[in-house]
Amino acid sequence: LLTELVEIDAPQSAGIEEYQQAVRTLDQFERHLAKQDKPRAQVRFYDTHQAARQQALILLMDSANKGNTSAMLRLAMYELLGEGLTAHDSSAIDTIKEDKPLKQIGVILVEQAANAKDSRAQRLLSKLYYQGFGLEQDMAMGKYWLEQAADNGHPEAITIDQHWQQAQALIMTKAQEQHSLKRYQLLIAIVIVAALLLIVFV
């Protein structure tokens with residue numbers, strides 16, 4: 001997701017300054033985590049660093065509240081990893097949760113960005129539905145959001161959707177061939193029966 005946030009363009013009209021400021025701080029943490037030879041959950045930071053990270057997350061929240069889908073997705077990533085604002089202070093995200101369980105905050109953020117036509121969010125929401133991660137598994141919704149992402153230009157979604165359509169076309173062709181074969185076999189059987197009846201009665 002971090003790579004997609006950089007590589008796939010999704011123009012933003014609000015919350016840009018807050019997002020950029022938050023990203024500068026959070027990217028430093030990500031670089032530090034990448035250098036560690038242990039799972040990210042086991043990496044510990046000094047209190048001052050943790051406070052700076054928390055402030056960056058609050059800036060992301062401000063940006064997300066202004067409608068910045070990149071901020072929504074980055075904050076969703078941390079929430080889904082259990083490293084977001086709700087990990088330390090559930091009241092910090094009340095503006096989004098609207099009485100929903102805290103474990104769903106990340107999904108809610110992804111849904112908001114997806115509904116705002118961000119192809120990155122649509123592709124991620126498709127994965128969440130397919131895998132049943134953070135919400136009930138639903139193949140139909142997974143396919144729906146995959147198609148939405150493809151329609152909005154997400155490269156991976158376009159490729160997967162094309163492969164899926166090709167597979168569907170092959171399945172249809174195979175079904176039609178089997179149907180034609182059955183009709184052909186039925187026709188041969190009718191001809192044989194008719195021939196036998198002619199032999200018997202003539």
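Analyst: Start with Gln-122. This is a predicted model, and in it Gln-122 has a relative accessible area of 2%. The cut-off for buried is under 20%, so Gln-122 counts as buried. Gln-122 sits in helix 7. What does Gln-122 touch, leaving out residues up to four places away in sequence? The list is Ala-114, Lys-117, Trp-145, Gln-148, Ala-149 and Asn-152.

Ala-56 belongs to helix 3. Its relative accessibility is 2%, so Ala-56 is buried by the under 20% cut-off. Beyond residues up to four places away in sequence, Ala-56 touches Ala-22, Thr-25 and Leu-26. Ala-56 and Gln-122 lie 66 residues apart in sequence. In space, their C-alpha atoms are 25 Å apart.

Next, the nonpolar core. The largest one has 33 residues. Leu-60 and Leu-125 have the most contacts inside this core. Helix 2 (16-35), helix 3 (47-65), helix 4 (69-80), helix 6 (105-115) and helix 7 (119-131) each supply at least two of its residues. Leu-60 touches Tyr-19, Ala-22, Leu-26, Ala-71, Arg-74, Leu-75 and Tyr-78, again leaving out residues up to four places away in sequence. Ala-22 and Leu-26 are also among the residues that Ala-56 touches.

Last, the surface. Leu-181, Tyr-184, Ile-188, Ile-192, Leu-196 and Ile-199 make a nonpolar patch of about 610 Å². One of these residues, Tyr-184, is in helix 9, which covers residues 155-201.

Key. Residues numbered from 1 in each chain as written. Predicted model: local features only at pLDDT ≥ 70, side-chain atom pairs only at ≥ 80, totals over all residues. Heavy atoms only, no water. Core = buried A, V, L, I, M, F, W, Y, C linked by side-chain atoms within 4.5 Å. Buried < 20%, exposed > 50% of the residue type's maximum accessible area, 1.4 Å probe, protein only. Helix = DSSP H or I, 4+ residues; strand = E, 2+ residues; numbered from the N terminus. Contact = heavy atoms within 4.5 Å. Patch = residues over 30% accessible without salt bridge, like charges linked within 9 Å, V, L, I, M, F, W, Y side chains within 5 Å. Areas by Shrake-Rupley, 256 points an atom, 1.4 Å probe, with all protein chains shown as cover. Salt bridge = Lys/Arg side-chain N within 4 Å of Asp/Glu carboxyl O.
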